[in-house]
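Visitor: I would like a close look at one part of this model, please. Could you pick a spot and walk me through what surrounds it?

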Amino acid sequence: MKPTSNRRAYIDWMRGLSVLFMIEAHTFDSWTAAAQRGRPVYFWVTFIGGLAAPIFLFLAGVSVSMAGASRARRTGDRGAAAASVAKRGWEIFGLAFLFRLQAFLLSPGSMFKGIFKADILNIMGPSVTLAAWIWGRIGAFRWRLVTFFVLAAGFSYVTPVIRHAEWLAALPDPIEWYLRPLPRMSVFTFFPWTGYVFAGAFIGELLNTAATVQDEWRMNRRLFAAGLVLLGGGYSASFLPTIYPAGWSSFWTTSPTYYAMKIGVMLMILAAAYVYVQRPLAAEPRNPSWSPMLEFGRSSLFVYWIHVELAYGIFTWPIHRRLTLEWSFFSFLVFTALMFWASVAKTRYVARYKARTAAQAAEKA
């Protein structure tokens, strides 16, 4: 199999796919009429869209290990590399509040306390920082694998316990929102969502061992097989008696079995993305490092930033919860095209800006 010019482009491609899932999830959720949500197809729309957040968090964890290793190789300073990745996590956390402030200012009727709502960026930022800190403190490869594996599993298994802990009620609301979901104030919480970041960091460590295209091909085949095992094992385990008290765990929200199944699906998607990006035709176009999905993947934060307010905010208010599934699908396609145009425009603007800045610096020199 002939490799493309960018062997690791498949990770960006998978991130681009999650952007597509994310846009689908938010547009259908915001625009589809309540009477249409009982149709079987809406279940599959929700299921596919629900993969977006786990993939984002999973790939953020992959990036912790891969970016940390890359910077450590360049600088020879593991601590500085970990600190650089951790800094990115804090930047994401800060952007989360800026994003909620934007939503408060642009959406009439928004509550001020909504600025402190726990959303995916609020969870991703500290999770990336914690994973980077652990990566920097544990020098032995095997111990990093063990640590990330235990944490990935642990965050899932303790989720039902945390969500039913009575002592959480004594915490200030903005802190409790990060530990268990409360209506309108937190969908994403550290438990179990941080676990996806640690699962990604575990996979990133494995991918770091692939020094050649052949190594990476073998690794992705093994990841696909592992994904099948997790998917099948999780599904089978879902029929076994629960280890938690009655009513503590729900399959679709807090079950470790469903958590394992989603990680299995993500591993299979990752391997499939590798095969797709490395296909022979991918090396033929004039610019093999570009594709619509790669464009989305490399502008994922930008697309997230602008599309949520457009999908849920005042700009599309006339169609909120008013469309049939068919019209929601058509609107999703149009909206996706708009987001793609915005992403390309942003990329070109940034490229021109960097070129102009470099030219000015050269003239001064």
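Guide: Let's start with Trp317, which is exposed because its relative accessible area is 52%; exposed means over 50%, buried under 20%, and partly exposed in between, with a 1.4 Å probe and protein chains only. This is a predicted model, where local features need pLDDT of at least 70 and side-chain atom pairs count only at pLDDT 80 or more, while totals for chains, interfaces and linings use all residues. Residues are numbered from 1 along each chain as its sequence is written, and side-chain values use heavy atoms, leaving out hydrogens and water.

Trp317 lies in the loop between helix 13 (300-312) and helix 14 (325-364). Helices here are DSSP runs of H or I with at least four residues, numbered from the N terminus. Trp317 also belongs to a nonpolar surface patch with Leu98, Leu101, Leu105, Leu106, Ile314 and Phe315, and together they have about 730 Å² of accessible area. Such a patch joins nonpolar side chains (Val, Leu, Ile, Met, Phe, Trp, Tyr) within 5 Å, using residues with over 30% relative accessible area and no salt bridge. A salt bridge would be a side-chain nitrogen of Lys or Arg within 4 Å of a carboxyl oxygen of Asp or Glu. The areas come from the Shrake-Rupley method with a 1.4 Å probe.

To count, NZ of Lys or CZ of Arg must be within 6 Å of the ring centre and within 35 degrees of the ring normal. Elsewhere, the charged end of Arg78 sits over the ring of Trp135, 3.7 Å from its centre.

Back in the loop between helix 13 and helix 14, we also find Arg321. Arg321 counts as partly exposed because its relative accessible area is 49%. Its phi is near 55°, a positive value in a residue other than glycine. Most residues other than glycine have a negative phi, and most peptide bonds are trans.

That brings us to another backbone detail: the peptide bond from Phe191 to Pro192 is cis, with omega near 5°. Pro192 is found in helix 9, a mostly covered helix with 16 of its 19 residues buried.

Technical notes
Helix = DSSP H or I, 4+ residues; strand = E, 2+ residues; numbered from the N terminus. Patch = residues over 30% accessible without salt bridge, like charges linked within 9 Å, V, L, I, M, F, W, Y side chains within 5 Å.
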